[in-house]
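The following paragraphs lead through one protein model, from the chain as a whole to single residues. Please keep the structure in view while reading.

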Amino acid sequence: MSIRTKLAGVSFDNNDGTSRQAILSRLNPGDALMLRDGATSDHPESIAVYNCPNFELCGYLSAAMAKRIRSEYANYEDLDVSVLEVTGGSDGVLLGCNIAIHNEDYDAAAEFAPPTFESGRTVTLPPNPPLHSTYVTPRPAQKKLLVPGILLCCLAFYLFYCLCRALFVSVDFSSALKLFLGMMLSSVVGIAFCLSAPK
């Protein structure tokens, strides 16, 4: 397990005149750091952070983090510390540094290793959510019925015309056509009404 935090006081220079910003600019992710007692009369619980192996002061832990480390680890100077990320540095933004403090039981390989399970143990995964989709009933191909329908209408009209000629000798073609179309239109309206009626 590791504690991640950000260095404080990185904008100041050290007592020997060295720039902490210049020191941070030379750090890379993974570089080793060390914790040392940085207590002063004004900050009795302060913990300083130095780089390795040059032992240059990079900054300090925040007051709250320093108090936590001192309370949890009596030998905090033996803890492994590493650089996570150097931030800023562009467009006039000051450099910052995120670090990781590892406890005595820290194992980097174990922290990033995939989870393992006991032999024979069954892991039950939650069911997949149902897929919400709209099923559209396929419609039969209507183009195939167009030509037979026209031929059937023509045959029906021919038979109707022959019937009219047999019953009414004086009936002409246009009158028979109008009468047939009227009957067909009435049939279509009736069929459509029956199909649209609620069941």
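Contact, as the word is used here, means heavy atoms within 4.5 Å. The model is a predicted one, in which local features need pLDDT of at least 70 and side-chain atom pairs count only at pLDDT 80 or more, while totals for chains, interfaces and linings use all residues. Residues are numbered from 1 along each chain as its sequence is written, and side-chain values use heavy atoms, with hydrogens and water left out.

The chain contains five helices and six strands; these are DSSP runs numbered from the N terminus, with at least four residues (H or I) for a helix and at least two (E) for a strand. Read from the N terminus, their order is β-α-β-β-β-α-β-β-α-α-α. Among contacts with a separation of 6 or more, 50% join residues 24 or more positions apart. The accessible surface is about 15000 Å², and carbon and sulfur atoms contribute 61% of it; such areas come from the Shrake-Rupley method with a 1.4 Å probe, and for residues only the protein chains shown count as cover. Of the 199 residues, 25% are buried. Buried means under 20% relative accessible area, exposed means over 50%, and partly exposed lies in between (1.4 Å probe, protein chains only).

Strand S1 (residues 2-6) includes Thr5. With a relative accessible area of 13%, Thr5 is buried. Beyond the residues up to four places away in sequence, Thr5 touches Leu61, Met65, Cys97, Asn98, Ile99 and Ile101.

Strand S2 (residues 32-37) holds Arg36, which is partly exposed at 26% relative accessibility. Its C-alpha atom is 5.7 Å from that of Glu77, although Arg36 and Glu77 are 41 residues apart in sequence. Apart from neighbours within four places in sequence, Arg36 is in contact with Ile47, Ala48, Tyr50, Phe55, Tyr76 and Glu77.

Two of these partners, Tyr50 and Phe55, form a stacked aromatic pair, with 4.2 Å centre to centre and 0° between the planes. The structure holds one such pair. Rings of Phe, Tyr and Trp (its six-membered ring) pair if their centres lie within 6.5 Å; planes under 30 degrees apart count as stacked, over 60 as edge-to-face and the rest as tilted. Tyr50 is buried at 18% relative accessible area, whereas Phe55 is partly exposed at 44%. Phe55 lies in the loop between S3 and S4, and its phi is positive, near 55°, in a residue other than glycine. Pro53 is placed in the loop between strand S3 (47-51) and strand S4 (57-60), and a cis peptide bond with omega of about -5° joins Cys52 and Pro53.

Another loop, between strand S5 (80-87) and strand S6 (96-102), contains Gly89. Gly89 is exposed at 51% relative accessibility. Leaving out residues up to four places away in sequence, Gly89 touches Leu94 and Leu95. Asp91 lies in the loop between S5 and S6 and is exposed, with a relative accessible area of 79%. Asp91 has a positive phi of about 55° although it is not a glycine.
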